[in-house]
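Let's take a friendly look at the aromatic rings in this model, one question at a time.

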Amino acid sequence: MGEWERLHEDRAYRERTLPALVAQHWDRCEARGLDPMRNRLPALDGVEFQQVKKAAIKLYAYANRFIAQMMGHMRNPDTAFALFDRGGCLMKLYGSEATLESLARAGIARMTDWSEEAIGATAVSIGLEHNVPLEVSGPWNYCRALIDRAVYFAPIALEDEGRGNRPTVFGGLAILLPMADAKKDYLMLAAAAVNDIDLHIFMANTLHQVYLEEERGMITLDINVHTGKTHILYHNTGIFKLFDIPHTDLYFKPVDVLFDPLPRNREFWALVQE
């Protein structure tokens, strides 16, 4: 009998072996009748995924920039980063082409659902629920689909004044590795990466609050260094008064939804291209 099978069949052994929080969630999965034999991760459909991505656009934008920079410093070609929304949907995978192809063959891809309801207890589902960094690797994953994968997860969360400064979890970041490459220190890397993302979001939100009610119209643009595409990062309420247009959600929209493209607005586009 393998380790994973023993953990499922011998509850006393499971309670001695697994961390208490992980064992607690295994018990809950069993009580809910979740099938541990699932070999593939379920996926959202295209419409559902677009709704998830729209709701998590700020998280996606800030984490995407940071993780793309991190990947340039990774030396293990089998390392992958996975960005999740608060519900456990895998929004984006980062890694080498060979690694992404290998993960796809294992059923690990964008749009897959890592919630406990879909796949049982994982580092992602437990970490999101309890707002804790967590490693759940190999046979410690409740579902068979992940028993050959080491998963190091850290949630992305910020204190929320509207909730008495209690943290609000926006999603999280996981490092995925084959079990042969599993190392405990990867959890520290995931937690450190998330701390940087948290700080970035906090500082940007603080700046936004400073000039939100400024009478002069203010707008901040983001230019993707890889694609050259320009998006609206932040804006204040004054921008609508300046252009005499109705209030609308412009965050992370293409800049040409507000400014007509060339040949109009030549001076504006010349500034953007500098």
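Q: In this predicted model, the charged end of Lys 58 sits over the ring of which residue?
A: A charge counts as sitting over a ring when NZ of Lys is within 6 Å of the ring centre and within 35 degrees of the ring normal. The charged end of Lys 58 is placed 5.3 Å from the centre of the ring in question. That ring belongs to Tyr 251.

Q: How far is the charged end of Arg 6 from the centre of the ring under it?
A: Here the ring is that of Tyr 13. The charged end of Arg 6 sits over this ring, and the distance to its centre is 3.7 Å.

Q: How many aromatic pairs are there?
A: Rings pair if their centres lie within 6.5 Å. By this rule, the count is five.

Q: Is the pair of Trp 26 and Tyr 142 stacked or edge-to-face?
A: Planes under 30 degrees apart count as stacked, and over 60 as edge-to-face. For Trp 26 and Tyr 142 the centres are 5.3 Å apart, with 80 degrees between the planes. The pair is therefore edge-to-face.

Q: How many residues apart in sequence are the parts that Trp 26 and Tyr 142 tie together?
A: Trp 26 belongs to helix H3, while Tyr 142 is in the loop between strand E3 and strand E4. The pair therefore ties together parts whose separation in sequence, in residues, is 116.

Q: Does Trp 26 count as buried or exposed?
A: Buried means under 20% relative accessible area. Trp 26 has 0% relative accessibility, so this residue counts as buried.

Key. Residues numbered from 1 in each chain as written. Predicted model: local features only at pLDDT ≥ 70, side-chain atom pairs only at ≥ 80, totals over all residues. Heavy atoms only, no water. Phe/Tyr/Trp six-rings, centres within 6.5 Å; stacked < 30°, edge-to-face > 60°. Helix = DSSP H or I, 4+ residues; strand = E, 2+ residues; numbered from the N terminus. Buried < 20%, exposed > 50% of the residue type's maximum accessible area, 1.4 Å probe, protein only.
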